Amino acid sequence: MRFVVTGAAGFIGSHLCDRLIEEGHEVVGLDNFITGSWQNIVHLLGHPRFEFREHDVTQPFDVEGEVHGVFHLASPASPAMYLRYPIETLRVGSLGTENALLLALKRGARFLLASTSECYGDPLEHPQKETYWGNVNPVGPRSCYDESKRFAEALTMAYHRRYGLKTTIARIFNTYGPRMQLNDGRVVPAFIDQALSGRPLTVYGDGSQTRSFCYVADLVDGLYRLIFADEPYPVNLGNPEEMTILEFARLIQALTGNQVGIVFVPLPEDDPKRRQPDITKARELLGWQPRTPVKEGLRLTIEYFRALRTGAAQQPSTRE
């Protein structure tokens with residue numbers, strides 16, 4: 001089968017390309033490198049079943065020939081990046097999503113939207129089920145990302161209802177693993193970088209806010225299963241094992257041997273207090289659940305970042 005992946009040079013997108021190639025499929029990857037990196041896909045360049053096109057998907061595009069599925073992952077996804085690129089984030093969630101949907105419609109392909117748990121905002125329901133409508137500030141600093149994804153979900157459902165397009169929506173919860181960028185503002189690379197540098201870990205608030213961390217290989221397995229499922233409505237993909245940020249910081253200290261301490265700073269505006277997916281639907285529909293224990297996934301991720309520091313691996317660098 002032949003798949004198109006937007007955001008192919010991103011953290012999750014590049015791992016998805018790997019999985020599709022490993023499964024024997026052909027992949028056409030697109031990225032404009034606002035937040036993606038050549039280093040994430042350099043190992044695929046020249047592969048006979050991988051084609052890459054540098055393109056901004058907010059501009060019209062076409063992929064000639066047979067296309068069986070379109071994975072739309074293009075978007076800044078970390079707070080540091082979508083706060084830096086708010087207009088671009090809104091455009092890729094709106095114009096970019098429609099261009100990807102138009103390609104799927106033209107080629108008769110399945111379509112998967114990579115949405116986000118941020119659609120739930122600062123949730124009043126816990127854990128979050130797909131039927132929960134969310135508690136989102138539509139004019140806050142994070143709204144450029146939250147509302148772009150909420151709009152993208154609505155647009156995806158509109159194409160499904162009007163044209164009968166086979167679509168599905170993945171609501172992705174916190175995901176981590178190799179190829180994350182050190183400077184993307186997310187908690188995993190920030191903590192690991194601080195720990196390996198012998199600095200205290202920076203915890204926002206009192207650290208009682210919770211997150212659920214899913215290893216990237218498990219998340220990609222969920223995406224791969226989901227695109228073949230006949231389920232148009234959102235499906236949560238994430239790890240239901242909830243832990244506080246303070247617990248997470250101490251775990252990383254233990255795994256890295258960092259005993260310097262923890263520094264507490266004020267919470268950012270609209271930072272969710274609790275975040276935990278209900279993955280009952282994914283278990284029943286896809287037979288999916290995370291398989292990688294958090295300690296094992298962190299060990300692999302720490303090894304990756306250690307290799308970056310010693311030069312054994314290269315830190316992805318974006319192109320603007």
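Reader: Which helices each supply at least two residues of the lining of the largest cavity?

Author: α3 (86-107) and α4 (143-163) do. Helices here are DSSP runs of H or I with at least four residues, strands are runs of E with at least two, and both are numbered from the N terminus. A cavity is a set of points on a 1 Å grid over the protein atoms alone where a 1.4 Å probe fits but cannot get out, and lining residues have an atom within 4 Å of a point. One caution: this is a predicted model, where local features need pLDDT of at least 70 and side-chain atom pairs count only at pLDDT 80 or more, while totals for chains, interfaces and linings use all residues. Residues are numbered from 1 along each chain as its sequence is written, and side-chain values use heavy atoms, with hydrogens and water left out.

Reader: Which of the helices gives the most to that lining?

Author: α3, with 3 residues. Nonpolar covers Ala, Val, Leu, Ile, Met, Phe, Trp, Tyr, Cys and Pro, charged covers Asp, Glu, Lys and Arg, and the others, Gly among them, are polar.

Reader: How much space lies in the largest cavity?

Author: About 30 Å³. That volume is the space filled by probe spheres set on the grid points, which are joined across faces, edges and corners. The count comes to 1 cavity of 30 Å³ or more.

Reader: OK, pockets. Which residues lie nearest the centre of the second largest pocket?

Author: Glu130, Tyr132, Trp133, Glu153 and Arg171, out of 13 lining residues. A pocket is an open set of points with protein on both sides within 12 Å along at least five of seven lines. The second largest pocket holds about 270 Å³ of space, and its lining divides into 6 nonpolar, 1 polar and 6 charged residues.

Reader: Switching to rings. How many aromatic pairs does the structure hold?

Author: It holds 14. Rings of Phe, Tyr and Trp (its six-membered ring) pair if their centres lie within 6.5 Å; planes under 30 degrees apart are stacked, over 60 edge-to-face, and the rest tilted. Take Phe3 and Phe228: with centres 6.1 Å apart and planes at 90 degrees, the pair is edge-to-face. Phe3 is in strand β1 (residues 2-6) and Phe228 in the loop between α6 (216-226) and β11, so the pair ties together parts 225 residues apart in sequence.

Reader: Is Phe228 buried or partly exposed?

Author: Partly exposed, at 32% relative accessible area, whereas Phe3 is buried at 1%. The cut-offs are under 20% for buried, over 50% for exposed and in between for partly exposed, using a 1.4 Å probe and protein chains only. Ring pairs also link Phe3, Phe71, Tyr224 and Phe228 into a cluster. As for α6, 9 of its 11 residues are buried, and Tyr224 is one of them.

Reader: What about Phe213 and Phe248, stacked or edge-to-face?

Author: Stacked, at 3.9 Å centre to centre with 10 degrees between the planes. Phe213 is in the loop between β9 (210-212) and β10 (214-215) and Phe248 in helix α7 (residues 245-256), so that pair ties together parts 35 residues apart in sequence. Phe213 is buried at 2%, and Phe248 is buried at 0%.

Reader: Which residues of strand β11 (residues 234-237) are on each side?

Author: Pro234 and Asn236 are on one side, Val235 and Leu237 on the other, and all are buried. In a regular strand the side chains alternate between the two faces of the sheet. β11 pairs with strand β6 (residues 167-172) in the parallel sense over 4 bridges; DSSP has to find at least two bridges for strands to pair. Val235 is the bridge partner of Ala170.
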